[in-house]
Amino acid sequence: MTGHPARPAHQSHAARRAYPARQAHPARRARPAPPALAVVGATGAVGTVMLDLLSTRDDVWGEIRLIASPRSAGRRLRVRGEELEVLALAADAFDGVDVAMFDVPDEVSARWAPVAAERGAVVVDNSGAFRMDPGVPLVVPEVNPKRVAHRPRGIIANPNCTTLSLIVAMGALHRAFGLREMVVSSYQAASGAGQAGIDTLYAQLDKVAGSRALGQRAGDLRAAIGDFGPFPAPLALNVVPFAGSLKDGGWSSEELKVRNESRKILGLPDLKVHATCVRVPVVTTHAVAVHAVFDREVTREGAQRALDSAPGVVLNDDPERAEFPTPADVVGTDPTWVGRVRRSLDDPNAVELFVCGDNLRKGAALNTAQIAELVAAELTTR
């Protein structure tokens, strides 16, 4: 048997020093329960991807609560192998919730995210309502994860899907060479306009399928398709040089998001960004062509090394074998894929590259989930 030998009650002072009285062990701190998670907008296009991620990523959550608009309340959705009933969005739906992931329209987030925060939840919001709020961090875990801890309003913003398509790669290059300027052309999928965008593209493809005459006369596509859905022009057999809403000076909201969000995420308030956003007839996965100028000279090989070693980036760049990322090959995957890396012919401090990222995964649901997991780790180690 191990332990101290028995000693009489009248043991001497010396004995007491040799065999000090046993101290009661302090109560062991109970391991914190896994945080409770709410998914707000669980029935939407991004919400559906979010439930898949929650079922396939490491499980760090306790209770999961699904929340949506009143018209979706009562539906049953499967997550982590069990069916959960969708609750109607209301203040008391956030009682007992530690983290709430929002994927709802801007006006809904603007109203309900502060309510969730007041009820004690840390909100991770995928809308545009808070992205440029100085009291709300705009976070990409591969680029600026420490910003998660600085959330005076209890809200963390998730960037726009177009920004997310390029910022992980550009963050890696910025760390290596010091980013000074970007010229960006985006090729944005229909799903960037939500489920309505997906439905519209498929409906338009149905209308043009089987005809080899369409697209050969000005206006014939407009006449055949009729309903443009959320797009300002036909998307099938076409590209549309506009995405988002119209802002001052002829800029679109998507173009301004690329500029303003990139500056905030990278901590470069004077970064020069010139963006043109184009909608293309792809269901899901945005692509972006980038001309990037740096403070230091950069070679093709140096840029490739920086990208190849960056977390969250897959370098797929062997044009001699026709290996480069395309939306059709990237859709459904999590990383940012980069190819066509070239040193600029006219500027030794500049490179050209082509980037692809699934706009519903890393461009929305995955980045939101990664932020939420950072918060969960913080909550469970307090």
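What share of the contacts in the chain with a separation of 6 or more comes from residues 24 or more positions apart? The share is 67%, where contact means heavy atoms within 4.5 Å.

1. Basis of the note. This is a predicted model; local features need pLDDT of at least 70, side-chain atom pairs count only at pLDDT 80 or more, and totals for chains, interfaces and linings use all residues. Residues are numbered from 1 along each chain as its sequence is written, and side-chain values use heavy atoms, with hydrogens and water left out.

2. Overall picture. The chain has 382 residues, and 48% of them count as buried. Buried means under 20% relative accessible area, exposed means over 50%, and partly exposed is in between, with a 1.4 Å probe and protein chains only. The C-alpha trace spans about 110 × 55 × 40 Å along its principal axes. The secondary structure comes to 10 helices and 14 strands. These are DSSP runs numbered from the N terminus: helices are H or I with at least four residues, strands are E with at least two.

3. Helix α4 against helix α8. Two packed helices are described by the angle between their axes and the distance between the axes. Helix α4 covers residues 161-177 and helix α8 covers residues 300-308. They pack at an angle of about 120 degrees, with axes 9 Å apart. The axes are lines fitted to C-alpha atoms over the stretch in contact, and angles run from 0 to 180 degrees between N-to-C directions. That makes α4 oblique to α8. The classes are roughly parallel under 35 degrees, roughly antiparallel over 145, roughly perpendicular from 65 to 115, and oblique for the rest. α4 passes α8 in a right-handed crossing, meaning that the near helix is turned clockwise from the far one by less than a right angle.

4. Residues at that contact. From α4 come A169, A172, L173, A176 and F177. They meet G302, A303, A306 and L307 in α8. By class, the contact has eight nonpolar, one polar and no charged residues. Nonpolar covers Ala, Val, Leu, Ile, Met, Phe, Trp, Tyr, Cys and Pro; charged covers Asp, Glu, Lys and Arg; the others, Gly among them, are polar.

5. Helix α4 against helix α10. Helix α10 spans residues 361-380. Its axis and that of α4 come within 8 Å and cross at roughly 85 degrees. That makes α4 roughly perpendicular to α10. C161, L164 and V168 in α4 meet K362, G363, A364 and N367 in α10. This contact has four nonpolar, two polar and one charged residues.

6. S165. This residue also lies in helix α4. At 2% relative accessibility, S165 counts as buried. Not counting residues up to four places away in sequence, S165 touches H286, V288, T336, V355 and G357.

7. Aromatic pairs. The structure holds three. Rings of Phe, Tyr and Trp (its six-membered ring) pair if their centres lie within 6.5 Å; planes under 30 degrees apart count as stacked, over 60 as edge-to-face and the rest as tilted. F94 and F102 have ring centres 5.8 Å apart and planes at 10 degrees, so the pair is stacked. Both F94 and F102 are buried. Y187 and F354 form a tilted pair, at 6.3 Å centre to centre and 45 degrees between the planes. Y187 lies in strand β9 (residues 179-188) and F354 in strand β14 (residues 350-357), so this pair ties together parts that are 167 residues apart in sequence. Y187 is partly exposed, with a relative accessible area of 33%.

8. Positive phi. Most residues other than glycine have a negative phi. R80 is not a glycine, yet it has a positive phi of about 55 degrees. R80 is found in the loop between β3 (76-79) and β4 (82-85). R80 counts as partly exposed, at 26% relative accessibility. L237 also has a positive phi, near 60 degrees. L237 is found in the loop between α6 (220-225) and α7 (253-266).

9. V273 is found in strand β10 (residues 272-279) and counts as buried at 8% relative accessibility. Leaving aside neighbours within four places in sequence, V273 is in contact with M182, V258 and R259. D220 is found in helix α6 and is buried, with a relative accessible area of 9%. D220 touches A213, L214 and G215, not counting residues up to four places away in sequence.
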